[in-house]
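Student: Please take a close look at one part of this model. I would like the ligand site in detail, and then how it sits beside the rest.

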Amino acid sequence: MADVNRDDAFVVFDRVQKSYDGETLVVKDLNLSMPRGEFLTMLGPSGSGKTTCLMMLAGFETATHGEILLGGKPINNIPPHKRGIGMVFQNYALFPHMTVAENLSFPLEVRGIDKSTREGKIKRALDMVQMGQFGNRRPAQLSGGQQQRIALARALVFEPELVLMDEPLGALDKQLREHMQFEITRLAHELGITTVYVTHDQTEALTMSDRVAVFDDGRIQQLAAPDTLYEEPQNSFVAQFIGENNTLEGVITAIKGDLCEVKLDSGEIIDAKPVNVSEVGQRTRVSIRPERVEMNRSRLQAGAHTLKAEVLEFIYMGDIFRTRLRVAGNEDFVVKTRNAPDQVRTEPGQQIEIGWLPQDCRALDA
Amino acid sequence: MTDATANGKPQMLTTADGKPLKEALNRAQARARRKAFLLVLPLLAFILITFVTPIAQMLHQSVYNEGFVMHEDIGSGERTPIMTNIKTWFDENPAGTEPNEEAFAALHKDFLLLRELRAPGQAGTRVNYERGGSRSMFTKTARRAERMEAPYMEAFLDVDEEWTDPELWRVMRDASSAYTFNFYLAALDRTKNVDGEIVNVDENRQIYVKLFARTLFLSVLITFLTFLLGYPIAHLLATLPLRYSNLLMIFVLLPFWTSLLVRTTSWMVLLQSQGVVNDALVGMGLLGDDNRLQMMYNQIGTVVAMTHILLPFMVLPLYSVMRPINPSYVRAARSLGATSWTAFRRIYFPQTVPGIGAGALLVFILAVGYYITPALVGGADGQLISNLIAFHMQNSLNWSLAAALAALLLAGILILYWLYDRLIGIDNLKLG
Ligand SMILES: Nc1ncnc2c1ncn2[C@@H]1O[C@H](COP(=O)(O)OP(=O)(O)O)[C@@H](O)[C@H]1O
Ligand SMILES: [Mg+2]
């Protein structure tokens, strides 16, 4: 999946660069190919160039360098209205002087579709987002969540093959957002639309997407399925950005097969899996997920190695315990353990021993 | 509670100490209301004195002229009724009755009083408003009134044989009551004939209706031109980054900071036949030296100068509605398949209509009442109705006619405002 053949890819960014001012590159060397029907999320901190990529795809910005292909054809010279791309904006951009039905009718009217066909399609689109009753309302008379649904229906009503969404759920409260995440993925899969979704919320990215492209500094840091992204981050930015992560800093002292030896700054020596480090003497950040650390000695598997730790904080969260520890000089080392009968409950100040498997421990760039 | 529902009547709500709730609420709020009223009182008084009173006075003046019924001594302020005898005769005889000896006798008595009060000019002027040449007849007759003897009809005709003119008697009859609509008739190029029927005035004396029409036409034209010029400017201002648009805004506002006279005269410098524009055209050989364009002292001058002067009033409301329009609306329209023209026509433009309405209303109302610019650059056929109002205020001193013209102008504007409210809705107005 990661390397879709460029020839049958639906959307292709080929060495795309973008600069607004001729001095700095906002997008640096973007390469991406998406197969038909994929739900791809661009995830990254604010200012990392996600919107810019979307705007280039939609035709509102031109690429400074490189080529964008849609269905195998370069689109750099096709005006936005001929690209046939549905788009959902962060502020919804529902036309305030039109009713909901008129909003949905607009893309059909400009395509010259006759009235009765239009009405049928509008009704179906509204029903699809469970807003059938609201055709005669104005956008201002709808709640945020309802406006969101209408924006979605409007982007889908003319049956585009590609839909772009720029942080469409950013303005909604948590509960509504989770509900809409589910709705959007359901619709996208039911209709078989190719979707490019932009968000800065990593949970959203992980739960919704087939693949996630993690953006930082104008580059894709990693492009992978959610589980791969979480379990096998390719560099420390991705490890840090996706999910919760513990880092221990040190220097590579030896490389032996698929493991390497790291001497932490506090003196301890641990084994880790080398990911994007290759030389002895290189500085590294060792990344380990909080749920892969064990605090109960009896549950440690063979081959795990152990480290001393001091409990700084113990938080009871019901289903899990969250323990903050001082480990090898790092005071923000977090361990999450499932609330099970044989699990230890610690108290601040307690000296304990923790352990993990070397293969859960990834040596990344510093 | 149960009692109240039992007999089907809602129980009157009371406060804790048993007083009716409504009364208590009223009392509690009365103090706050009194305070609020006292706070706005100065403003209310100011508006009453400077705005409502003058307009009311103007409206009164337009239907009330006592030049033929009352004399007020300038020195003592003493008021003396005049022309009372002839008034009695008018009351006793129906309109259209030919003046008889009795009538002239009454008139003679009144002229004696006029002579004593030195007021024949005043009464004559009032008649003169509706019938030219009457003022001199009055003064002439008054000079000889003391020497007149019965039969008075002959004596009057001796002084001036026009004294039996039915038109004159019709005007005197109308003028003998201070309240009259004749000034409105005059303002609409109408008058009464001898029988009191309303007819058009002579064709070569019909000026006001034509002038109203011209004022209306030029104002609409100027409004439209400011819209044509102002819309792109406002759009540019609204879409440019703030630091550029602020600079441009200064250029738009610059005319506000220069005196109206300076702006108007600078247009004169540009447009006159020996002016910059003509010189340039002649210099480039586009125009012969002997047929320079006449762009000043005609309607072109009025239109050009007023369009320029009123442009900011169009740009500012437009800008204020355009600035908050999120560019994502047009982008959304484009992504939905609309060409940029369709996106403009169906998405952007409708959202700017409140600004257009406000700008057009402002410019139009200002243009309809504009005075200085047409007076300076308008020449004869670039004059607007306000110039004529000013003429009657300052030169002919026919204040009642000036007031009637102004009242008609006011009524016209109010009707347009009402129409605007019906068609577009005043709530949609966005002035800034
Ligand atoms: N129209 C523009 N003109 C100039 N710079 C822009 C413009 N749009 C975005 N940028 C800059 O490009 C960078 C990336 O922006 P954007 O693509 O909006 O990031 P994201 O959507 O990931 O938050 C930012 O530093 C932003 O300031
Ligand atoms: Mg963005």
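Tutor: What follows starts at the ligand and then turns to the chains. Keep in mind that this is a predicted model.

Start with the shell. Ligand 1 is surrounded by residues of chain A: Tyr20(A), Val26(A), Pro45(A), Ser46(A), Gly47(A), Ser48(A), Gly49(A), Lys50(A), Thr51(A) and Thr52(A). By class, that shell has three nonpolar, six polar and one charged residues.

Now the polar contacts. Tyr20(A) places a polar side-chain atom 3.3 Å from a nitrogen atom of ligand 1. Gly49(A) works through its backbone: one of its polar backbone atoms is 3.1 Å from an oxygen atom of the ligand. Thr51(A) uses its side chain, where an N or O atom lies 2.5 Å from an oxygen atom of ligand 1. As for cover, the protein takes up 56% of the 560 Å² of accessible area that ligand 1 has on its own.

Stay in chain A for one backbone detail. Arg15(A) sits in strand E1, residues 11–18. Its phi is positive, about 45°, although Arg15(A) is not a glycine.

Next, chain B. Its secondary structure comes to 19 helices and four strands. The radius of gyration of chain B is 32 Å, well over the 22 Å that the globule rule gives for 432 residues, so chain B is more spread out than a compact globule. Along the principal axes, its C-alpha atoms fill a box of roughly 100 × 95 × 40 Å.

One helix of chain B deserves a look. H2(B) runs over residues 21–63, which makes 43 residues. A straight helix would reach 63 Å at 1.5 Å a residue, yet the end C-alpha atoms of H2(B) are only 51 Å apart. Where is the bend in H2(B)? H2(B) bends by about 45° at Leu41(B). A proline, Pro42(B), follows within four residues.

Another proline marks a loop. Pro151(B) lies between helix H6 (134–144) and helix H7 (152–159) of chain B.

Note on methods:
Residues are numbered from 1 along each chain as its sequence is written. Chains are lettered from A and ligands numbered from 1 in the order in which they are written. This is a predicted model: local features need pLDDT of at least 70, side-chain atom pairs count only at pLDDT 80 or more; totals for chains, interfaces and linings use all residues. Side-chain values use heavy atoms; hydrogens and water are left out. Helices (H or I, at least four residues) and strands (E, at least two) are DSSP runs, numbered from the N terminus. The expected span of a helix is 1.5 Å times one less than its number of residues. The bend at a residue is the angle between axes fitted to the seven residues ending there and the seven starting there. A residue is near a molecule or strand if one of its heavy atoms lies within 4 Å of it. A polar contact is a pair of N or O atoms within 3.5 Å; within protein, one must be able to donate a hydrogen and the other to accept it, and residues adjacent in sequence count only if both atoms are side-chain atoms. Accessible areas come from the Shrake-Rupley method with a 1.4 Å probe; for residues, only the protein chains shown count as cover. Ala, Val, Leu, Ile, Met, Phe, Trp, Tyr, Cys and Pro count as nonpolar, Asp, Glu, Lys and Arg as charged, and the others, Gly among them, as polar. The radius of gyration is taken over C-alpha atoms; the globule rule is 2.2 Å times the number of residues to the power 0.38.
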